[in-house]
Amino acid sequence: MPKPKEPRVVAVILGGGKGTRLYPLTKDRSKPAVPFGGKYRIVDIPISNCINSGYRKIFLLTQFNSASLHHHITNTYNFDRFGRGFVEILAAEQTPEHSGWFEGTADAVRKNLNHFRTQRPTHYVILSGDQLYRMNLKAFMESHIKSGAEITIATTAVNERDATGFGIMKIDGSHKITEFIEKPSAETLKAGDWKIPEGARGDLPKEKEYLASMGIYIFNAETMEQVLDNDDDDFGKKIIPAAIKTRKVNSYIFDGYWEDIGTIRSFYEATLALTDYKPAFDFYDADEPIYTHMRYLPPSKINDATIENSITTEGCIISKAKLKQSVVGVRSLLEVGVDLDGVIVMGADFYENEEAKEENKKAGRPNIGIGKNCKIKKTIIDKNAAIGANCRINVDGNKYPDGENKLANGVSFYSSDGIIVIRKGSVIPDGTVI
């Protein structure tokens with residue numbers, strides 16, 4: 001018998017909207033471009049999942065603050081010219097057929113179908129640009145084809161408390177989705193028998209009784225064309241619920257680590273979780289690496305520092321500092337006496353030369369990095385921030401309302417759920433207390 005043809009797969013990564021829940025990290029960049037884990041960008045996660053699964057025709061859809069993202073993609077993902085692989089950004093554009101912004105996830109895909117068709121796909125994999133997980137998408141695809149489904153939705157098991165914040169699927173014993181409900185109450189879940197059938201549970205934890213949509217889909221190409229032949233603007237809210245009523249839509253239960261990092265709190269916690277002795281998401285995987293921009297920086301130089309459960313990346317100089325459960329990004333300069341506890345330092349895009357440092361001195365401005373004897377807790381420090389000597393940030397029990405805050409000396413910062421965010425390029429004078 002002839003060997004079945006491999007599916008022709010186009011991967012589509014949804015770059016998200018304005019990213020208001022991740023503000024101010026998204027003030028000057030889109031969500032997928034937010035730095036993560038010291039040296040990566042969030043978008044590196046779904047792209048790496050595609051590459052590791054053998055899917056190298058990747059489109060990234062975005063419309064807000066795409067310059068930083070475009071720069072990262074251009075400088076990172078240059079495939080072998082004979083391999084026909086690519087990562088291509090498609091921003092919202094005006095055409096004779098479409099004149100507006102993307103109105104939702106489905107609308108974004110619909111407006112770019114003409115670009116996708118040139119690849120003659122048999123299947124589409126739709127991924128989110130702001131989630132942390134490692135998935136074998138080829139196994140996902142094989143399950144989809146074997147099931148005979150037109151659409152397969154990746155789902156993760158959740159407990160009753162978390163289920164109220166997701167779209168929840170009801171499945172039968174063959175994993176066919178029979179109903180969908182968006183963010184149900186606990187009473188609705190209990191009344192409607194939404195629990196995972198015993199025959200479909202496998203080795204799932206006992207307390208995780210419900211299936212939540214991960215916002216990751218596989219569509220047969222013909223099905224995609226058909227379900228988008230309307231004005232519905234969102235997959236999760238409109239396209240998928242309608243398809244479940246008339247088509248075979250299956251669930252693919254993913255039992256690995258998965259985290260939506262769309263808020264400041266979830267971003268902070270997911271980043272610091274990387275410092276655990278055995279992190280749930282592990283960058284140190286030889287078989288499924290996470291790819292990112294090669295910077296050709298020197299190794300970090302550690303001068304008599306105390307480092308506990310922390311990550312330091314390349315190009316840093318850390319002098320007689322103390323780090324506890326912190327992540328220090330590329331080109332970070334930490335002066336003598338710096339004490340970080342639960343801090344994310346995103347690092348810098350460049351080193352300041354002696355001329356720049358002299359100009360800083362004349363202007364009474366600190367150099368990029370963290371100055372002498374600073375004590376900082378529970379803080380995210382965005383790129384290229386210059387923090388002067390003897391500053392204290394989030395260590396004195398000061399309480400600030402969520403949102404924008406400004407001190408008497410003119411220093412502005414952002415507070416979210418007790419986490420202080422120092423914006424990209426901020427200048428914090430010597431002795432500042434936040």
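**Helix α12 and its two ends**

At the start of helix α12 (residues 354-363), a side-chain oxygen of Asn353 comes within 3.2 Å of the backbone nitrogen of Glu355. This is a polar contact, that is, a pair of N or O atoms within 3.5 Å; within protein, one must be able to donate a hydrogen and the other to accept it, and residues adjacent in sequence count only if both atoms are side-chain atoms. Just after α12, Gly364 adopts a positive phi of about 70 degrees.

The model is predicted: local features need pLDDT of at least 70 and side-chain atom pairs count only at pLDDT 80 or more, while totals for chains, interfaces and linings use all residues. Residues are numbered from 1 along each chain as its sequence is written, and side-chain values use heavy atoms, with hydrogens and water left out. Helices (H or I, at least four residues) and strands (E, at least two) are DSSP runs, numbered from the N terminus.

**Helix α2**

- Helix α2 (residues 67-76) has the buried residues Ser68, Leu69, His72, Ile73 and Thr76. Viewed down the axis of α2, these residues fall within an arc of 130 degrees, so they line one face of the helix. The arc is that of the directions from the helix axis to the C-beta atoms.
- An α-helix has 3.6 residues a turn, so residues three or four places apart point the same way.
- Buried means under 20% relative accessible area, exposed over 50%, and partly exposed in between (1.4 Å probe, protein chains only).
- The exposed residues Ala67 and His71 sit on the face of α2 turned away from its buried side.
- The cover over the buried residues of α2 includes β3 (40-41), α1 (44-52), β4 (57-62) and β5 (86-91). Contact here means heavy atoms within 4.5 Å.

**Cysteines**

- The structure holds zero disulfides, a disulfide being a pair of cysteine sulfur atoms within 2.5 Å.
- For Cys391, the closest cysteine sulfur is that of Cys374, at 4.4 Å, which is too far for a bond. Cys391 counts as buried because its relative accessibility is 0%.
- Cys50 is likewise counted as buried, at 0% relative accessibility.

**Salt bridges**

- There are 21 salt bridges in the structure. A salt bridge is a side-chain nitrogen of Lys or Arg within 4 Å of a carboxyl oxygen of Asp or Glu.
- Glu179 and Lys170 form one of them, with the closest N and O atoms 3.1 Å apart. Glu179 is partly exposed at 37% relative accessibility, whereas Lys170 is buried at 15%.
- Lys238 pairs with Asp233, the closest N and O atoms being 3.7 Å apart. Lys238 is partly exposed, with a relative accessible area of 39%, and Asp233 is partly exposed at 24%.
- Asp339 forms a salt bridge with Lys375, with 3.1 Å between the closest N and O atoms. This pair links distant parts of the chain, with Asp339 in strand β21 (residues 339-345) and Lys375 in strand β23 (residues 375-381), 36 residues apart. Lys375 counts as partly exposed at 31% relative accessibility.

**Two buried arginines**

- Arg110 lies in helix α3 (residues 105-110) and counts as buried at 14% relative accessibility.
- The side chain of Arg110 reaches the backbone oxygen of Asn230 at 3.1 Å. Leaving aside neighbours within four places in sequence, Arg110 is in contact with Leu228, Asn230, Asp231 and Asp232.
- Arg331 is placed in the loop between β19 (327-328) and β20 (333-334). Arg331 is buried yet has no salt bridge, and the nearest side chain of opposite charge, Asp349, is 5.1 Å away. Lys and Arg count as positive and Asp and Glu as negative; His and the chain ends are not counted.
- A polar atom of the Arg331 side chain lies 2.9 Å from the backbone oxygen of Ala348. Beyond its neighbours within four places in sequence, Arg331 contacts residues including Arg295, Glu314, Asp349 and Tyr351.

**Val125 in strand β6**

- Val125 is found in strand β6 (residues 123-128) and is buried at 1% relative accessibility.
- Val125 and Phe219 are 94 residues apart in sequence, yet 6.7 Å apart in space, C-alpha to C-alpha.
- Leaving aside neighbours within four places in sequence, the contacts of Val125 include Val9, Val10, Leu137, Met141 and Tyr217.
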